[in-house]
Amino acid sequence: MSRLKVKEKLEKLKIRVSNSSLRDILRTKNLSKKREETIAAAPESTADGTFAINAHARHLHPDSLRLVVRDIEERLEGGAKSYLLVADGGGPLPGFRAGQYLSFRFESGGSNVTRAYSICSSPADAANGFYIVTVKRTPGGFAGNALLDSLKIGDKIVSSAPEGNFFHEKLRDGDDILAIAGGSGITPFVSMAGAIRDGAEDFGLTLLYGAKDRGGLLYREQLDRISAVCGRVRVVYVLEEGADADKGEESGFITADIIRKYKPEGDCGVFVCGSAAMKRYIRGQLAELGVPSGRIRAEGSPFDGDLTEQPGYPKADGLPDTFPLTVRLGLVETVIEARRDEPLLVSIERAGIAAPSRCRSGECGWCRAKIVSGDVYVPPEYDVSRRRMDREFGYAHICCTFPLSPVTVEISYT
Ligand code: FES
């Protein structure tokens, strides 16, 4: 139908339309005819699925990444190493929020294990094709130390995409963050400082960084360089030994008094990263200052305290050191030995069984599994992310679940 005829019809119906609306009506009117013509002209074979939008989505949110070690920098006299990682095949890497981590999957001593490490480079560096992570030696550590000893320049490693929720959210955290770091817990904050300098993040960062002495500080030079040129980043070093007040260093531990002295005005977000013991201690100091627990975000190492001192842990007297653990994977059942003081996930990995995991600190839910039978214990501070229905129906995050009797666990890979 011509433009004129459509106009006449509309006038008969006493409908007045502008010229531009008339154009739209005519376009719509012909849509179905055009669609039929396009379908008729299309080849009979199915589309090959390589749509640009799908490729872009896969690049931004890959299931896993294949990375290559391009460079290694020794820190703390070999007690830690920073790895510069690029994509196997080159090109830009998926972006991330400063504070997120990568979970590496590798084989160690016949076991398939994962270990999570915060990205300490700036998000801007991902677009330039690299991430940097720092691995610190842990006394008695099992897979992390092996990785530190074996990973060389040119080696390939499989990693998750950047993961985690330990990043600034303006609505929740406001304009400022008070960050409290212990030891290698500094790494996510190094990324945040770099992101603020590069304009990738927009908040004020006050960082209290505690260590035994100056030799135990990671990334001091880099942090000092950033704070010298970026007024929104302030770093205060708190040293147990050898603090120099003339250099602005504080002496001792990060106490409530020190936190009060440097905390930004108003309701800032408080981010804590370090060992389990350090996080427990800092929570106590923040409670003294009346900081609501909802304001605090904590990330860091897996549980490393004394289980028997945890709230609700039963009397350990008479309990054996190990229990049989039956692991169900589909139709296959394997019985292994689980240590009472070790999370079920670690026992499963030690037995060479690959189980899904990422954060290893109870937060992400990747290790969620059904406890089919048996008694288990979860330290309350590592049990904040488990859903209520999961508690009710016997699902646990096995990276921080400990056996109290013979246990059967069902692992699902979906
Ligand atoms: S691995 Fe993240 S909750 Fe267990």
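**Exercise 1. Characterise the second largest pocket of this predicted model: how much space lies in it, and which residues lie nearest its centre?**

Solution. 
Step 1: Start with the volume. The second largest pocket holds about 480 Å³ of space.
Step 2: Find the lining. It counts 21 residues. Nearest the centre lie Arg-283, Ala-298, Glu-363, Val-384 and Ser-385.
Step 3: Assign elements. Helix H10 (276–288) and E12 each give two or more residues to this lining. E12 supplies the largest share, 4 residues.
Step 4: Sort by class. The lining of the second largest pocket splits into 8 nonpolar, 6 polar and 7 charged residues.
Step 5: Check the domains. Domain 3 (172–300) and domain 4 (312–411) each contribute at least three residues to this lining.

**Exercise 2. Describe the largest pocket: what is its volume, and which elements supply at least two residues of its lining?**

Solution. 
Step 1: Take the volume. It is about 1500 Å³ for the largest pocket.
Step 2: Locate the centre. Of the 49 lining residues, Thr-138, Ser-301, Pro-302, Phe-303 and Asp-304 are the closest to it.
Step 3: List the strands. Strand E4 (111–118), strand E5 (131–136), strand E11 (269–274) and strand E12 (296–300) each supply at least two lining residues.
Step 4: Pick the main contributor. E4 gives the largest share, 4 residues.
Step 5: Sort by class. The lining of the largest pocket has 17 nonpolar, 19 polar and 13 charged residues.

**Exercise 3. Trace the pairing of strand E13: in which sense, parallel or antiparallel, does E13 pair with E14, and in which with E19?**

Solution. 
Step 1: Take E14. Strand E13 (residues 322–329) pairs with strand E14 (residues 332–339) in the antiparallel sense, over 8 bridges.
Step 2: Phe-323 faces Ala-338 in E14.
Step 3: Inspect the connection. E13 and E14 form a hairpin, with 2 residues between the strands. In the turn, Gly-330 has a positive phi of about 60°.
Step 4: Take E19. E13 runs parallel to strand E19 (residues 407–411), and 5 bridges join the two.
Step 5: Val-327 stands opposite Val-409 in E19.
Step 6: Conclude. E13 pairs antiparallel with E14 and parallel with E19.

Methods
Residues are numbered from 1 along each chain as its sequence is written. This is a predicted model: local features need pLDDT of at least 70, side-chain atom pairs count only at pLDDT 80 or more; totals for chains, interfaces and linings use all residues. Side-chain values use heavy atoms; hydrogens and water are left out. On a 1 Å grid over the protein atoms alone, a cavity is a set of points where a 1.4 Å probe fits but cannot get out, and a pocket is an open set with protein on both sides within 12 Å along at least five of seven lines; lining residues have an atom within 4 Å of a point. Grid points are joined across faces, edges and corners, and a volume is the space filled by probe spheres set on the points. Ala, Val, Leu, Ile, Met, Phe, Trp, Tyr, Cys and Pro count as nonpolar, Asp, Glu, Lys and Arg as charged, and the others, Gly among them, as polar. Domain bounds come from an automatic or database domain assignment. Two strands pair if DSSP finds at least two bridges between them.
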